[in-house]
Amino acid sequence: DVNQPVEAPLAHIGLGKPQDLNGVKLQGKFALVKRGEIPFSEKVKNAMGAGASGVIIYNNEPGLASGSLTNDGSKLAVPVLMIES
């Protein structure tokens, strides 16, 4: 249910690249991901593929970030949040 809160511990996965996920267990956790190097959609896809319950992307640069979370405009099965600096 989209109206129900989701609580889970955080797991920092760097930039969210496939190599950042090696050995990381994301089941039941939110992936904490740094902005940069790869598109937001790839960060989210990689985290979801590793079993993340949600994704939090944080901005590591001043200013607002812009981008999309999917390549086709589809809805995601997990919550995603962007934190601006």
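Contact means heavy atoms within 4.5 Å. Helices (H or I, at least four residues) and strands (E, at least two) are DSSP runs, numbered from the N terminus.

## Basis of the model

This is a predicted model, in which local features need pLDDT of at least 70 and side-chain atom pairs count only at pLDDT 80 or more, while totals for chains, interfaces and linings use all residues. Residues are numbered from 1 along each chain as its sequence is written, and side-chain values use heavy atoms, with hydrogens and water left out.

## Sheet

Four strands form an open sheet in the order S1-S2-S3-S4, with parallel pairing; two strands pair if DSSP finds at least two bridges between them. Strand S1 (10-12) and strand S4 (80-83) are the edge strands, each pairing on one side only. From one strand to the next, the twist averages 25 degrees. Axes here are lines fitted to C-alpha atoms, for helices over the stretch in contact, and angles run from 0 to 180 degrees between N-to-C directions.

S1 and S2 run parallel and are joined by 3 bridges, with Ala 11 opposite Ala 31 in S2. Strand S2 (residues 30-34) is joined to strand S3 (residues 54-58) by 5 bridges, again in parallel. Lys 34 stands opposite Tyr 58 in S3.

## Helix H1 and the crossover

Helix H1 (residues 40-49) lies across S2, S3 and S4, and runs at about 145 degrees to S3. Together, S2, H1 and S3 make a right-handed β-α-β unit: with the strands pointing away from the viewer, the path from the first strand over the helix to the second runs clockwise.

S2 is largely enclosed by the rest of the structure, because 4 of its 5 residues are buried (under 20% relative accessible area, with exposed over 50% and partly exposed in between; 1.4 Å probe, protein chains only).

Not counting residues up to four places away in sequence, Ile 13 touches Asp 20, Leu 21, Val 24, Leu 26, Ala 31, Leu 32, Val 33 and Ala 47.
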